[in-house]
Amino acid sequence: MAAPKDIEIRSRKRMNILILLVALFITYQCCFALYDELKNDSLLSFSFIFNSFFLLLFASASGFIAAYAVKRLSDRRPGLILNKLGIIDNSGFVSAGTIFWSDVEEINNNKIIFSDCIIVKVKNPTRYFKNQKSPFKRIWLGLEHRYFGSPVNISVGG
């Protein structure tokens with residue numbers, strides 16, 4: 001008898017294109033407003049410092065999101081792989097990685113913000129966010145665990 005094949009589900013690129021366009025627009029608007037601040041205000045005024053700080057913060061954050069969207073658009077890996085060992089998640093902004101079937105307790109669905117998600121409840125949730133190299137991903141998965149009951153939330157749209 002032949003071994004079962006992996007089931008691969010491709011990532012959707014439409015949402016990443018929308019995110020890229022919105023992030024680029026916000027970055028442009030922040031940079032344009034910062035240019036106006038530099039052109040019109042006194043460099044030592046409180047409003048100039050306050051406005052410039054937040055404009056730089058928003059421009060940096062939206063620029064980071066735009067760069068991440070470009071990275072996701074160039075990623076050719078499947079969004080989700082189901083195989084005999086488990087689920088390999090590469091679907092969302094912060095993916096959980098490999099979820100072994102032996103660790104799965106329950107599978108549910110929910111709407112998170114604007115997206116339908118599959119929530120995979122696992123026996124050892126801390127493993128999924130403590131194994132992340134990026135502090136941002138550790139914090140994000142920890143927050144998902146706290147608010148949604150599991151760090152493994154697979155975006156249906158992704």
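In strand 3, Leu-80 finds its bridge partner in Asp-89. This is a predicted model, in which local features need pLDDT of at least 70 and side-chain atom pairs count only at pLDDT 80 or more, while totals for chains, interfaces and linings use all residues. Residues are numbered from 1 along each chain as its sequence is written, and side-chain values use heavy atoms, with hydrogens and water left out.

Back to the strands (E runs in DSSP of at least two residues, numbered from the N terminus, just as helices are H or I runs of at least four). Strand 2 (residues 80-82) and strand 3 (residues 86-89) run antiparallel and are joined by three bridges; two strands count as paired if DSSP finds at least two bridges between them. The link from strand 2 to strand 3 is a hairpin through three residues. On to the next pairing: strand 3 and strand 4 (residues 97-100) are also antiparallel, with four bridges between them. Asp-89 turns up here too, with Gly-97 as its bridge partner in strand 4. As a general point, side chains in a regular strand alternate between the two faces of the sheet.

Zooming out, the protein has four helices and seven strands, laid out along the sequence as β-α-α-β-β-β-β-β-α-α-β. The radius of gyration is 20 Å, well over the 15 Å that the globule rule gives for 158 residues, so the protein is more spread out than a compact globule. Here the radius is taken over C-alpha atoms, and the rule is 2.2 Å times the number of residues to the power 0.38. Along the principal axes, the C-alpha atoms fill a box of roughly 75 × 30 × 25 Å. Of the 158 residues, 34% are buried (under 20% relative accessible area, with exposed meaning over 50% and partly exposed in between; 1.4 Å probe, protein chains only). The protein exposes about 10800 Å², with 66% of that supplied by carbon and sulfur atoms; the areas come from the Shrake-Rupley method with a 1.4 Å probe. As for contacts (heavy atoms within 4.5 Å), 54% of those between residues at least 6 apart in sequence join residues at least 24 apart.

Ser-62 sits in helix 2 (residues 46-74) and counts as buried because its relative accessibility is 6%. Leaving aside neighbours within four places in sequence, Ser-62 is in contact with Ala-23, Ile-26 and Thr-27.

Pro-125 belongs to helix 3 (residues 125-130) and is likewise buried, given a relative accessible area of 16%. Beyond its neighbours within four places in sequence, Pro-125 is in contact with His-145 and Pro-151. Its C-alpha atom is separated by 49 Å from that of Leu-44, 81 residues apart along the chain.

Finally, the cysteines. A search of the whole structure turns up zero disulfides (pairs of cysteine sulfur atoms within 2.5 Å). Cys-30 is in no disulfide, and the nearest cysteine sulfur, that of Cys-31, is 6.9 Å away. Cys-30 counts as buried because its relative accessibility is 9%, whereas Cys-31, at 44%, counts as partly exposed.
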